[in-house]
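Colleague: I'm new to reading ring contacts. Could you take me through the aromatic pairs slowly, with a close look at one of them?

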There are 4 protein chains.
Amino acid sequence: MGKKTDDLQRALVEMQLAAAHSGERTVVIFEGRDTAGKDGAIKRLTEHLSVRLTRVVALPKPSDRERTQWYFQRYVPHLPAAGELVIFNRSWYNRAGVEVVMGFSTTAEQAEFLRDAPDFERMLVESGIRLVKLWLDISKDEQAHRLEKRRNDPLKQLKVSDLDKVAEAKWDAYTAARDTMLTRTHTPLAPWTCIRADDKHEARTAILRHLLHRTAPADIAHDVPLPDPDILFPFEAEALSDGRLER
Amino acid sequence: MGKKTDDLQRALVEMQLAAAHSGERTVVIFEGRDTAGKDGAIKRLTEHLSVRLTRVVALPKPSDRERTQWYFQRYVPHLPAAGELVIFNRSWYNRAGVEVVMGFSTTAEQAEFLRDAPDFERMLVESGIRLVKLWLDISKDEQAHRLEKRRNDPLKQLKVSDLDKVAEAKWDAYTAARDTMLTRTHTPLAPWTCIRADDKHEARTAILRHLLHRTAPADIAHDVPLPDPDILFPFEAEALSDGRLER
Amino acid sequence: MGKKTDDLQRALVEMQLAAAHSGERTVVIFEGRDTAGKDGAIKRLTEHLSVRLTRVVALPKPSDRERTQWYFQRYVPHLPAAGELVIFNRSWYNRAGVEVVMGFSTTAEQAEFLRDAPDFERMLVESGIRLVKLWLDISKDEQAHRLEKRRNDPLKQLKVSDLDKVAEAKWDAYTAARDTMLTRTHTPLAPWTCIRADDKHEARTAILRHLLHRTAPADIAHDVPLPDPDILFPFEAEALSDGRLER
Amino acid sequence: MGKKTDDLQRALVEMQLAAAHSGERTVVIFEGRDTAGKDGAIKRLTEHLSVRLTRVVALPKPSDRERTQWYFQRYVPHLPAAGELVIFNRSWYNRAGVEVVMGFSTTAEQAEFLRDAPDFERMLVESGIRLVKLWLDISKDEQAHRLEKRRNDPLKQLKVSDLDKVAEAKWDAYTAARDTMLTRTHTPLAPWTCIRADDKHEARTAILRHLLHRTAPADIAHDVPLPDPDILFPFEAEALSDGRLER
């Protein structure tokens, strides 16, 4: 681990010490296609953080009872108390991604979600929760490469799923779902940040820097370099048409 | 119990049988000043309903941990699953009532609540939950009378609290809080219904009739008389100034 | 409501006032065959109690996820905090009753439950929770009579279920399950109390008296008459063979 | 990462694939003095496991409400559903460790816990949950060394706490608490396994091997070397007196 990474990790530690003191609450959402690098980025982020102040939430599929409840109901109990950082490894945005592509919910439910998410998030943000929404973007070639590697790596067999094949076969459907999701749920209070994730190391570095600038007190963020704007950038709806997000 | 009351109870039973079949979910909120008759009306309402499909939620005061969380977080886990009726005996509206009068939260938190409640409720309603919000309105004289009776009734000692004295002493502050609350959170999707509650029997009959018209299938509601419009009526902001709600 | 009933209700109120002050926690379990009168007795018991200190728990059937968890897991979150009274309308004893008769769980799971319940309850009791376990016993004729009445009463249609027919047809299987359950889970720390429930009024009076003697401070219990020993009595295993419980 | 470690990680992945298929549930408890290496060992263990089937539970301090409830109540909701692995980073054993040394609970509560834990765990095990209890044992010198290092490492500042000073100052009190805890809660169904943790690498390797032998199907465990018996060994009460655990 180089000097620079060390500096970032140190700043994250300082950020959480400050939050423990101030009571600041933070939610970070990691979304992105399969193999985009969510798990790895989360491991890097939590590496030196407090196990008691940090919760990584990766919910199993809903129970039969939960499926009949208000959609956000199973996420709400995991929201942070004072000083806590909650990281969602996939989140309520399932309804705008995999569920759209696979038809796991109705189009009415999906439309409702796109209407609700901005209001739901607005309430969280206005209640004082810092909400960071990250979209890890991976190219089609890189995904194909990673899926292939995954299939043959005995250490990654828990990541292999029936959805993998779909990830490739339905690349365009996922793209369309992503574009709709980002466009509809990118709001001034809860903006999406996009990260080009083909290079894992660059992506992680950019994410940590971004988080620090978004959530750390000024004196801590001050010395943190800005993330590379070619790697991490605010979502812009107009970028979709000229292919900026997609490469 | 007369023939008429019996008819209403029978219709409520049919309504819940229909909900058990259709999966319809309902939330009823009972709000009103101290002694307005919330507990009694809820008992009447639930008299013949299924203990397994009906939940009456009367939350204790928040824990120290809950106090640092998103305000709606402790209410959300109680929302209904398929076929369920959830009755809130006081609800999230605490923040717009007793907390305002007693200063249990900051004015910023109270302002935030008034902004959030309509969005929160809109989501519930659009997700298919039938939401009925009832304001039981009692006159100053009748409250004074009931508080006096309560103080001297050994069977009502659990209802006596330090807030009773405040209820009278701060009558006007409660009125102001109520007016703000009703005005700000009365929305097309989640309207407030007001009930003159000085006459308990009339109030309860009107509430049951109203619930049936709001939540029962047409064939059940068809034979239910409409509630007396002098007893139960939709909230109207303009009514406040001419003293209609207040008598 | 007569003078005597009034006295009991007053004493219950005093008991809960004392618990609110001392922090005393209480759990009351109501078990018994279908139509034995659990719902009605609970209504009588809670009539004047605090809605905020009292919780009646009647759980829906377990979700698919819950079915794979530790059996007691879905009951534990409902256990009381300081000053609270929690009433289970049917409880973990489902596994020793309806599940046995209907084959809703395996005999191994049922055997495990009979082994576990005494230990589970011992822990609750030793942690300071007052645990009262009530078996409402009804005769075959009275049950037949009530089921018949229920079928024809529009107000009781929510209580009619497919299990009603089984209640009669499998009377002996229920008896055997009951005898095993009472014999195996009647312990010095968590004894069963049996109530002859054919006469509803007598049964309810006896239950309230018993609760007061079991859970109220001495100065409150002092004036409460003892329950009629022909109506309410401690379970005795030997009584089963000579038909005492069964009439 | 060498070939051997890789083999272990691969076997862990296979174990979890098998559990996902069979529904096998596992609970692993990590206990040990401050700096004994719990966090690091858990990171190694979960490195390639499924984020959706694995939960690491590190509870914050109890809320004011939780403090009045049954002691195990706040742990129970985290127990595993089908196929899940739940890892407790510190656990209900807090009551037998830090609470004893620091006086955070009464001696009566601590005595009750020592009585209850074996019964509580017996129920979990007999319900089919595989329960593995690990005590990471560290020498006084090594702890002093690690605490010193921690104090000066900016990356470890979230681990520094007021309890650190106590860890050293009250070494003997912690030893006494540990001896009581291990002796009283080491049962045939839920035995303690001790790990000499002064050498982190050796300790982690031994833990992974042990877990595999305890929880993996025979065909997976078959090729896994046994843990070094000088590093990992079953607790034996008689060992305490001759200083075996303590070096």
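Predicted model: local features only at pLDDT ≥ 70, side-chain atom pairs only at ≥ 80, totals over all residues.

Modeller: B:Trp92 sits in the loop between strand 3 (85-89) and helix 3 (98-102) of chain B, while B:Phe120 belongs to helix 4 (residues 107-126) of chain B, so the pair ties together parts 28 residues apart in sequence. Helices (H or I, at least four residues) and strands (E, at least two) are DSSP runs, numbered from the N terminus. Both B:Trp92 and B:Phe120 are buried, where buried means under 20% relative accessible area, exposed over 50%, and partly exposed in between (1.4 Å probe, protein chains only).

For another edge-to-face pair, look at D:Tyr71 and D:Phe72, with 5.5 Å from centre to centre and 75 degrees between the planes. D:Tyr71 counts as buried at 14% relative accessibility, and D:Phe72 is buried at 1%.

A note on reading these names and values: residues are numbered from 1 along each chain as its sequence is written, and chains are lettered from A and ligands numbered from 1 in the order in which they are written. Local features need pLDDT of at least 70, side-chain atom pairs count only at pLDDT 80 or more, and totals for chains, interfaces and linings use all residues, while side-chain values use heavy atoms, leaving out hydrogens and water.

Terms used
Phe/Tyr/Trp six-rings, centres within 6.5 Å; stacked < 30°, edge-to-face > 60°.
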